[in-house]
Amino acid sequence: MNLASWVERHGRRRRHEPAIAVGDVVHATWSEFSARVSGGAGGLRGALGLEPGDRLAILMRNRPEYLEVQFAAWHAGLVAVPVNARLHRAEIAYILEHSGTRAVVTDEEHAEEVRPLLDVLPTLETVVLAPGPEWDALSSSQPVPLTDRGRDDPAWLFYTSGTTGRPKGATLTHGNLLMASLSYFADIDPVSEHDSVLHAAPLSHGSGLYGLPHVARGATSVFPSSGALAGAELLALLGRWPGMSFFAAPIMVKRLSADPALAGANLSGLKTIIYGGAPMYLADLEEALATFGPRLAQIYGQGETPMTITGLSKADHADHDHPRWRSRMQSVGFPRTDVEVRVVDDDGHELPAGQAGEVVVRGPVVMAGYWDQPVETADTLRGGWLHTGDVGSFDEDGFLTLHDRSKDLIISGGMNIYPREVEEALLRQPHVQAVAVVGRPDPEWGESVVAFVVTDGTETTTEELDRTCLDSIARFKRPKEYFFVESLPVNNYGKVLKRELRDRLGAGSEPA
Ligand code: AMP
């Protein structure tokens, strides 16, 4: 099934209902959205000469035209390549070249990053500006019928965020994205046409994925008018578009939870905040629950298995009296309906509850492979299981706790130290706002534990931090060194760039 059939069908049935909005203003009804999608597909095929299977990149900030282009690409049978709009020019060039992209649709803000590539990249033929006359002309072309797409046809090349090395293009098929959308209804929420989804995070990543089940059910896709969503704007949007859900990285949830505009506010229009993509620390989650009530759901997924590995439902969050509530809230939840999840040792043998190993996943949502990288694909999908690179363990009830990415694990004096555990411990110190723990090469111990700490400005000594650690974790795990920093380096998806912190340490001098 072609995912763009969702737009076509709501375009018929719900002609005058809002499909896309910016702030409180309707940008397109379903019939307008559908017309731009089928017309856009006509323009991409006709004027641009693109053929089913060709790659079309989308490089723009979140805006309504993003969805028009994405669904037009699918309608035309093309493979969409959503590119993170904040990447460096060289990273953008790499993705366009690697994917063999023939055309890019971009906005004014990013056009200068792309246009020079027309002279450099052999496959790149066209750059189209949207919004503006170029996209208007294309999207009012003679519509073409929906292109037949099967379950295994690629729909989206999801370039990994590249916290290690070069990004890889996880090839997500129409079947993968359909399954990811259906399992949203199974495990997170049913969605109705009266609901809405707010695109507060990048459409090239989580927000794009969580938008899909909402388009499938005819809900309204809402774009905040401002770039950085704050509490007051959220409140106004909830009043206008109730039944609202949105995806947010943990740092965004933390920022919103502390926004005074939301304290004690009427949040009845808010349905669900789905958080994930990076660890949510217990202290932050408790604060978020105090602000938002039990409207939080967690997901653990990867570009390689979009949205779905495990999840903590709203009901799990609300089950405060459960004897293991705290440990559950520190877990990434229970396996999603559409996947099998195991924890395995280095030889691929399944490990019992309580033992940590690599998390592997199997199911219809797992990517077809990495685009044009057969060796990496074979390795990552060996034995028919997606090897996530995450280290985790199940508890007796079947809840999975992630310890860390295997490469972030610190081995000191032959002992495994999971940075997450040290970070959770340090965050109990009331003046610590953020922390990242990494390993520094050490001639005696192999590696030693180093913490980068952001405080609220109150004088905090390393002795105090040491004491906080010793209250909850073994002595050998506590950091040997602390560096107080203004902020932690994070990528555009809210993931702390530990590699960058390790590089700072490796440089030998005092890290800045
Ligand atoms: P990406 O493919 O860019 O979405 O990154 C996926 C990675 O983010 C996973 O392999 C995990 O390491 C991490 N991640 C995703 N969801 C969570 C979560 N709920 N808690 C902790 N880490 C997560």
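Guide: Happy to! In this predicted model, the count comes to 9 aromatic pairs.

Visitor: What makes Trp-30 and Phe-33 an aromatic pair, and why is the pair called tilted?

Guide: Their ring centres are 5.7 Å apart, and the limit for a pair is within 6.5 Å.

Visitor: Where do Trp-30 and Phe-33 sit relative to each other in helix 2?

Guide: They are 3 residues apart in helix 2 (residues 30-45), so about one helical turn separates them. Both Trp-30 and Phe-33 are buried. Trp-30 and Phe-33 also belong to one aromatic cluster with Phe-71 and Trp-74.

Visitor: Why is the pair of Tyr-184 and Tyr-210 called edge-to-face?

Guide: The angle between the planes is 65°, and over 60 degrees counts as edge-to-face. The centres lie 6.0 Å apart, which is within the 6.5 Å limit. Tyr-184 is in helix 7 (residues 174-187) and Tyr-210 in helix 8 (residues 206-216), so this pair ties together parts 26 residues apart in sequence.

Visitor: How do you know whether Tyr-184 and Tyr-210 are buried or exposed?

Guide: Buried means under 20% relative accessible area. Tyr-184 has 0%, so it is buried, and Tyr-210, at 3%, counts as buried too.

Visitor: What makes you say that Arg-240 lies over the face of Trp-241?

Guide: Arg-240 is 4.0 Å from the ring centre, and the distance cut-off is within 6 Å, together with an angle within 35 degrees of the ring normal. Lys-168 likewise lies over the face of Tyr-370, at 5.2 Å from the ring centre.

Methods
Residues numbered from 1 in each chain as written. Predicted model: local features only at pLDDT ≥ 70, side-chain atom pairs only at ≥ 80, totals over all residues. Heavy atoms only, no water. Phe/Tyr/Trp six-rings, centres within 6.5 Å; stacked < 30°, edge-to-face > 60°. Helix = DSSP H or I, 4+ residues; strand = E, 2+ residues; numbered from the N terminus. Buried < 20%, exposed > 50% of the residue type's maximum accessible area, 1.4 Å probe, protein only.
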